[in-house]
Amino acid sequence: MEFIYNNICSSDCRSSCRIKTKVQKGRIISIQGDPIDEFTLGSLCAKGYAHLQRIYAPDRITYPMKQMGKGTGNWVRISWEQALREIAQKLIEIRAKHKTLLPVCLNKYLGTMGLLSRSIDGFFNSIGYITLMTGSPCVATGVDALTLSFGACKKPPPEDMLNAGLIVIWGCNPAWTTPHQMRLVFDAREKGATVVVIDPVLTATAARSDLYVQIKPGTDWALARGIAKILVEENLMDQQFVAENTNGWESCKNSLEQLNLDEVASATEVPVAEIKKLAHLIGNTKPMTIWLGAGVQHTSMGGQGFRAIADLAAITGNIGIPGGNIHYGTFDSWGFAGEFTSLEPPDGSKGIPDGEGHYQHRQVGTGRFAELKTMDPPIDFLWVASHNPVAQAPDSNAVKQALASIETVVVADLSLTSTARYADYFLPVASHYEYEDIVVSYWDYGAAVNQKAIEPLGESKSDFEIMRELAVVLNKLAPGFSTFPTDRDATQWLDLEMKPLYPKLGITHYRELINQYRRVDLPRVPWQDREFLTPSGKYEFLTAPCTPLIHASEEVGDYPFRLLPIRSFATLNSQYRNFVSMEELSGRSKVLVNPKTALSKGIEEGTRVKVYNQLGEIVLPAGLSNCIPPDIVSVYIGCDAKEVELNSIIALIDTDLGQLCSGAKGLAFNNTFVNLVRV
Amino acid sequence: MPRTQKGFLFDPNRCLGCRACIMACAAGKDLPPGIYLRHVTRQEFRKGTQIIQYYLSTSCNHCVNPECLRLCPEQAFRKRRDGIVLHDLSKCNGCGDCTRSCPFEAPIVNPTTGKAIKCDFCYDKLDEGEIPFCVAACPVQALRQIDIWHLKSQAPDTVKRLHGIITLQITRPSIRYHALKSGKQILRDPVRKGDEYENGNL
């Protein structure tokens with residue numbers, strides 16, 4: 001007997017592909033894209049087709065383990081009963097000793113986008129005020145920037161790109177990160193649109209553009225300002241839009257007048273004549289849409305960069321019109337009820353005073369692991385779920401040291417990630433084929449039920465079951481420790497969380513989403529009413545003065561090459577990197593260098609190269625390509641981490657924004673400098 | 001000559017190098033991890049001051065005159081009426097002559113069975129009116145299945161060769177390409193005369 005189930009990829013990706021899963025005798029035998037998905041049209045990505053290897057990975061661990069000495073590799077299999085009892089006792093001890101749970105820290109991110117993973121936050125809300133690792137290593141900077149300019153992140157649906165006359169893809173390689181959207185980019189081009197790519201690296205996307213502008217990394221702000229200056233000087237503006245719908249224009253205009261285009265050219269390394277041509281293209285082609293990727297915002301001035309780029313859409317009146325606007329991201333499709341996140345700690349719990357007579361969680365910025373050691377009271381207990389910070393946070397060695405110094409570290413994951421190697425307890429999480437869940441896309445707003453296709457492998461459990469059972473154990477050992485409603489099952493939770501979205505999906509229960517494609521009903525054209533959600537109600541121009549910042553973007557130091565960590569088609573951050581097929585497909589990880597750089601360093605294709613800076617060193621074979629400029633070296637994120645930890649040489653540097661919406665500044669992953677030597 | 005000849009039409013102006021075709025094939029055909037019947041290679045070369053980069057997705061080209069079929073000592077290969085070249089696993093002795101004789105190195109010896117394996121154009125899907133896994137998986141329709149003999153009516157501006165492709169046409173491979181187009185590039189450090197570098201493995 002064969003059964004077909006409906007699944008949806010829960011990885012943190014724009015596409016959120018719907019999947020048809022074939023099961024025979026309790027085992028998944030095939031995975032295919034689901035043709036009812038109107039965004040993917042039934043195609044998956046290379047990683048998606050390899051999901052079987054993820055579920056049945058030889059290195060997947062499906063039972064709880066305890067490590068006798070962090071980092072020793074001396075793991076002992078234990079029962080769930082022992083694991084949860086010992087973890088519960090630890091939490092009870094901490095509260096008894098400190099009269100608060102502030103020494104408990106949660107680090108959770110987006111290893112799965114499944115709605116049920118919010119139960120992790122819910123559980124920790126239900127036991128007390130803790131230390132919460134907050135912020136987003138991915139979007140914090142960009143979300144703040146667009147919120148300051150527009151009042152909120154809103155975007156058009158994917159198909160609105162077909163209405164554009166000009167598509168500007170800035171700091172983004174969708175050919176490898178959002179291949180399905182490239183169908184719409186190409187279709188728009190066939191209808192006459194021009195495709196411009198602005199990127200430091202000649203990516204697969206850049207190679208297919210009509211115009212590729214190679215920019216010096218970190219100078220996006222300057223280029224956007226230079227273009228704006230030309231738009232103003234040559235009156236390529238939408239005067240009416242600016243007059244009626246914006247705020248801060250006079251101040252913005254004044255700062256543009258101070259700007260010297262020769263300085264912009266020298267900072268960005270794009271000649272003045274080419275900046276002018278680009279400005280003419282932007283000023284004369286309407287509608288224009290801008291696709292902002294992660295690249296710009298991962299530089300130290302990324303937030304200003306985003307705002308300066310958004311200003312180009314405002315100056316030209318490309319906001320609130322079909323085929324215009326900015327394609328970045330939105331949270332509007334995630335209008336869940338918040339049942340998990342609104343769980344309250346037991347009465348009498350103490351935390352950080354919020355100034356209004358109540359308590360709140362203590363916050364620490366994402367990636368700032370070194371701070372965990374110096375807090376008062378210090379962190380004694382860390383729970384890591386849906387995240388692999390040793391691989392993903394800057395300065396891996398600092399993360400490892402922090403993990404080593406914390407008395408109890410729990411990691412819940414599918415396999416022994418580089419973070420799990422520094423855990424005391426490993427809790428085996430079920431893959432998303434093994435429990436029912438819901439994923440709502442933040443790109444095309446498609447909402448889909450992820451059916452349980454097979455039983456959880458071995459003793460693995462969903463994050464939700466782990467949290468629920470831990471609450472049961474806690475309350476048995478210390479009645480009233482957790483307010484988590486442990487008698488509510490996953491189906492009830494999903495129904496409660498989804499209720500506010502039912503009208504926007506045209507359904508009355510989430511299971512109606514099985515076998516039909518539905519999108520959360522969001523406006524086809526954002527900001528069409530010109531009612532911006534800023535305090536002024538208008539679009540807010542960036543008003544910061546130009547000149548000093550251009551000089552600030554110049555980097556000097558002992559390390560002459562900028563290290564750009566870039567995304568591969570074969571991995572999603574640190575996920576998927578343990579697949580045999582992905583390793584084979586992408587080849588061994590390499591450090592990518594320009595042939596001129598290679599020549600000056602005596603490096604040839606395949607030469608083993610030490611890439612080093614003040615933080616450490618990694619050794620990789622060289623790959624030569626003219627697509628990488630001579631002052632940049634690049635390594636794919638998440639490749640080949642068994643021997644090489646790329647982030648051990650990535651510096652922890654704040655971006656300029658992030659605190660407003662995410663609670664912590666963003667991380668400037670693209671501001672690391674290195675040197676090279678052949679070994 | 002058969003009245004039809006199944007083949008591939010590949011558009012280098014759309015291929016993203018995303019490798020979905022390879023993995024869809026591997027998953028659909030249930031191949032052991034690390035064994036693929038399709039390959040994607042990155043091509044990089046210089047044209048004046050510009051850098052040309054494109055991706056090429058290839059598998060068995062179901063040649064009109066297949067060398068594998070001619071050289072196989074066990075006569076394990078046959079050509080269907082629609083031009084698809086099939087390999088009979090039960091006749092294969094795993095000698096590897098086909099691998100060595102194919103200009104495109106399309107057949108490979110599967111280490112788990114010790115026998116040759118190659119793309120069969122998903123003929124069983126075709127017979128059911130469906131399309132091959134690789135073609136179905138391409139998110140941008142860069143790879144299509146065509147009838148080579150009736151191509152002109154479907155896609156008039158096709159070419160038989162692209163820069164970087166094995167130019168040997170003696171077996172008459174059943175693959176056609178759209179001519180490569182390139183946009184304009186504003187490069188910080190344009191490639192100059194004397195900078196010889198081609199086909200980096202990015």
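Predicted model: local features only at pLDDT ≥ 70, side-chain atom pairs only at ≥ 80, totals over all residues.
**Helix 11, chain A.** I then went back into the helix itself, residues 261-268, and checked burial. Val264(A), Ala267(A) and Thr268(A) are buried. I asked why these three fall on the same side of helix 11 of chain A. They do so because they cover an arc of only 85 degrees around the axis.

**Contact between chains A and B.** I next turned to the two chains. Chain A puts 49 residues into the contact and chain B puts in 37 residues. On the side of chain A that touches chain B, helix 7 (residues 179-190) gives the most, with five residues. I sorted the residues of that side of chain A by type and found 28 nonpolar, 12 polar and nine charged.

**Sheet 20-21-22, chain A.** My last entry is an open sheet of three strands in the order 20-21-22, with antiparallel pairing. Strand 20 (437-440) and strand 22 (518-519) stand at the edges with a single partner strand each, so one side of each has no neighbour in the sheet. Strand 21 (residues 446-450) pairs with strand 22 of chain A over two bridges. I found Gly446(A) opposite Arg519(A) of strand 22.

Notes. Residues numbered from 1 in each chain as written. Chains lettered and ligands numbered in written order. Contact = placed C-beta atoms within 7 Å. Helix = DSSP H or I, 4+ residues; strand = E, 2+ residues; numbered from the N terminus. Nonpolar A, V, L, I, M, F, W, Y, C, P; charged D, E, K, R; others polar. Buried ≥ 20, exposed ≤ 12 C-beta atoms within 10 Å, placed from the backbone. Arc of directions from axis to C-beta. Pairing = 2+ DSSP bridges.
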